[in-house]
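Student: I would like to go through a few residues of this model one at a time. Please show the sequence and structure before we start.

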Amino acid sequence: DEAMSEALADFGIKYVISDYDLNLDSIKIQPNYDKIINYSFKQKASIFTVDRDMELSQIRLLTANYNRANSCTLNISILEKESQNKLTEQKIKCLYAKDFMFLTINFPQQKLLKDVEYLVNIELSNTTINNSIGLWSDNSNKPYLQLLFATNSDNLAYYKLITKTNNSYIW
């Protein structure tokens with residue numbers, strides 16, 4: 001689920017197609033995907049903290065679309081747990097969710113602070129029994145969740161972006 005520059009170089013790979021920005025660092029908040037949880041219900045929240053101050057750029061989820069084109073909307077918001085203050089929110093068409101594929105949601109460089117508890121709320125709108133998606137989750141029903149953030153390194157980016165579409169990058 002990740003491309004590592006050293007491994008790619010060992011095989012002489014010079015170009016990569018990816019669903020996320022390869023120049024970002026990542027933290028897997030919940031790395032397991034044992035079963036699909038249908039998200040046609042109201043709302044699901046995951047609690048997380050980060051081990052250093054960071055600027056969130058993207059979130060990755062592992063989706064299931066039940067082999068259909070869904071027209072619902074996936075709403076993802078990040079809140080401070082204690083104050084319930086909404087820091088940011090993104091909406092994405094469920095049409096972009098594919099079976100057992102990562103869905104990457106871009107966030108506008110949202111600052112997150114070390115050791116503060118945050119909530120990621122995941123909610124669907126405009127759903128019916130035949131118009132919803134699921135998320136791959138662990139056995140305790142917490143969805144696979146990966147955060148991607150800008151590194152504080154002064155080094156130049158390892159990967160050079162050639163082109164980008166909705167949910168695909170070519171490096």
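Tutor: This is a predicted model. Begin with Q146, which sits in strand β11, spanning residues 145-149.

Student: Is Q146 buried or exposed?

Tutor: The cut-off for burial is a relative accessible area under 20%. Q146 has a relative accessibility of 0%, so the residue counts as buried.

Student: Which side chain makes a polar contact with the side chain of Q146?

Tutor: A polar contact requires a pair of N or O atoms within 3.5 Å. For the side chain of Q146 the distance is 3.2 Å, and the partner is the side chain of S26.

Student: Where is L95 found, and with which residues is L95 in contact, leaving aside neighbours within four places in sequence?

Tutor: L95 lies in the loop that links β7 (86-93) to β8 (101-112). Its relative accessible area is 43%, so L95 is partly exposed. With neighbours within four places in sequence set aside, the residues in contact with L95 are A69 and N70.

Student: How many Å apart in space are L95 and Y66, C-alpha to C-alpha?

Tutor: In sequence, L95 and Y66 are separated by 29 residues. From C-alpha to C-alpha, their separation in space is 11 Å.

Student: What is the area of the nonpolar surface patch that includes Y15?

Tutor: Y15 is located in the loop between α1 (5-10) and β1 (17-18). Its relative accessible area of 61% is over the 50% cut-off, so Y15 is exposed. Together with I17, I162 and I170, Y15 makes a nonpolar surface patch of about 460 Å².

Key: Residues are numbered from 1 along each chain as its sequence is written. This is a predicted model: local features need pLDDT of at least 70, side-chain atom pairs count only at pLDDT 80 or more; totals for chains, interfaces and linings use all residues. Side-chain values use heavy atoms; hydrogens and water are left out. Helices (H or I, at least four residues) and strands (E, at least two) are DSSP runs, numbered from the N terminus. Buried means under 20% relative accessible area, exposed over 50%, partly exposed in between (1.4 Å probe, protein chains only). A polar contact is a pair of N or O atoms within 3.5 Å; within protein, one must be able to donate a hydrogen and the other to accept it, and residues adjacent in sequence count only if both atoms are side-chain atoms. Contact means heavy atoms within 4.5 Å. Patches are made of residues with over 30% relative accessible area and no salt bridge: like charges are joined within 9 Å, nonpolar side chains (Val, Leu, Ile, Met, Phe, Trp, Tyr) within 5 Å. Accessible areas come from the Shrake-Rupley method with a 1.4 Å probe; for residues, only the protein chains shown count as cover. A salt bridge is a side-chain nitrogen of Lys or Arg within 4 Å of a carboxyl oxygen of Asp or Glu.
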